[in-house]
Amino acid sequence: MFNSQSQIIFKLKAIALRLLLVFLLGFTINRDHLCSNHPFATPTLYPPRTIPSNERLSITKIRFDGHLTFDNIEHVAKDFGNRYNLMPLAVLHPKSVSDISYIIKHVFDSGLNSELTVAARGHGHSLQGQAQAYKGVVINMETLKVPRMSFRTGKRPFVDVSAGELWINILHESLKHGLTPKSWTDYLHLTVGGTLSNAGISGQAFKHGPQIDNVYRLQVVTGRGDVVTCSDEQNTDLFNAVKWIRALYSDFSTFLNDQEQLISSENSFDYVEGFVVINRTGLLNNWRSSFNPKDPVQANQFMSEGKILFCLEVAKYFRPEEADHINQDIDNMLSELNYIRSTLFLSEVSYIDFLDRVHVSEVKLREKGLWEVPHPWLNILVPRRSIHEFAQEVFGNIVKDTSNGPVLIYPVNQSRYLVLG
Ligand SMILES: Cc1cc2nc3c(=O)[nH]c(=O)nc-3n(C[C@H](O)[C@H](O)[C@H](O)COP(=O)(O)OP(=O)(O)OC[C@H]3O[C@@H](n4cnc5c(N)ncnc54)[C@H](O)[C@@H]3O)c2cc1C
């Protein structure tokens, strides 16, 4: 058995995936809880009848190529982890990419006050409710059969599949063409979208990288419901990503030294900023909606005790083919820094979402009526020789517990500024 299998893989041409419909991109854009598949959800079975009837009504008005079901949907409130049973409002069985786009657009347009959430479900073999949508809409990706599985042979062979396709089906079909994907998971009764969502790693990854690295092209439905194709050449900002990191310091000099070290070194992060944290209890909890603590246990135990803290914020851009070593590079860079170890928070977002990040705050502030308030604003370039004195005076004496609004601090290299004279 082993011999014949390895012979097939060896003899046949390996194929890469070109594909597919991964959506949910940028879901954190404006709605922290737009996608409900976070691990902190309460494991209760919530009866659908308590869902506001207007939300049910609003989705029934959408004209789908596929259809919605409201009854006998308990099975999508289960997953392989078998610890969370989050009862949705409905299941969408999409027949077209537009169906997915319509529902995402609808949820996005429902605004921050709506509790309507949405989650893609492949084969439901993940854990902790990842593919569940509490009181929301679960999209049954397995019913989406477009594009139909199709193969391209030649120099750069690939298969074009729907994100809801099972890997076991791709294996059987590709062998008929004398081809095979290069990178696998151990178990094949999982969908393409499901495994790409966590990279897809098995014994072949050492040689070919995880499955996600073998994708030529993705069709994506963004968090706003737009349908976009991305690849190495097309909409690369969607294909590429940014590792976004925050860590806290209690001592200004240590914070500043680390910032200076980062902007002086050749192979550093692509973005270095920082901000002052004043009187923010529950700060780390707030971050959890968009950042993951590196060490959740330690992060839970961290207490700011009302002190002024300094937050280093850094980001590293990377392309899919760099995904393998980017984490190692980041670990190396972080190991040289002196932040409070329990306060390291990480996130991965698209390039657009990263650059457009302030808009997220704008939307939240507008919802609360806080965007239109008076805005005193001051930018100061402080020379290096005076920064410690400045910090002592400002953060030691002037800034009070009651101070509000962002205070950003970040170093710039004078040599990079054009001096006119
Ligand atoms: C027995 C077993 C063996 C496994 N072996 C391996 C292994 O060897 N290597 C490995 O890497 N993993 C392995 N896994 C983990 C598995 O790859 C993941 O749990 C995977 O997410 C499950 O795929 P699924 O189709 O069931 O996805 P689901 O559980 O349905 O979804 C998983 C996540 O992906 C999202 N998602 C699903 N489809 C899409 C889509 N089209 N677009 C955007 N998001 C989507 C869901 O919202 C959810 O967050 C194994 C799991 C099991 C149960």
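Me: Which residues touch the most other members of the largest nonpolar core?

Reply: In soluble globular proteins, nonpolar side chains tend to be buried together. A nonpolar core here is a set of buried Ala, Val, Leu, Ile, Met, Phe, Trp, Tyr and Cys residues joined through side-chain atoms within 4.5 Å, where buried means under 20% relative accessible area (1.4 Å probe, protein chains only). In this structure, Phe252, Phe269, Phe310, Leu312, Leu334 and Phe395 touch the most other members of the largest core, which has 29 residues. A second, separate core of 21 residues includes Ile59, Phe64, Leu68 and Val118. The model is predicted, with local features needing pLDDT of at least 70 and side-chain atom pairs pLDDT 80 or more, whereas totals for chains, interfaces and linings use all residues. Residues are numbered from 1 along each chain as its sequence is written, and side-chain values use heavy atoms, without hydrogens and water.

Me: Which polar atoms of the protein lie by oxygen atoms of the ligand?

Reply: A polar contact is a pair of N or O atoms within 3.5 Å. A polar backbone atom of glycine 122 is 2.6 Å from a ligand oxygen, a backbone N or O atom of glutamine 130 lies 3.2 Å from a ligand oxygen, and asparagine 198 places a polar side-chain atom 3.4 Å from a ligand oxygen. The protein covers 85% of the 960 Å² of accessible area (Shrake-Rupley method, 1.4 Å probe) that the ligand has on its own.

Notes: A polar contact is a pair of N or O atoms within 3.5 Å; within protein, one must be able to donate a hydrogen and the other to accept it, and residues adjacent in sequence count only if both atoms are side-chain atoms. Buried means under 20% relative accessible area, exposed over 50%, partly exposed in between (1.4 Å probe, protein chains only).
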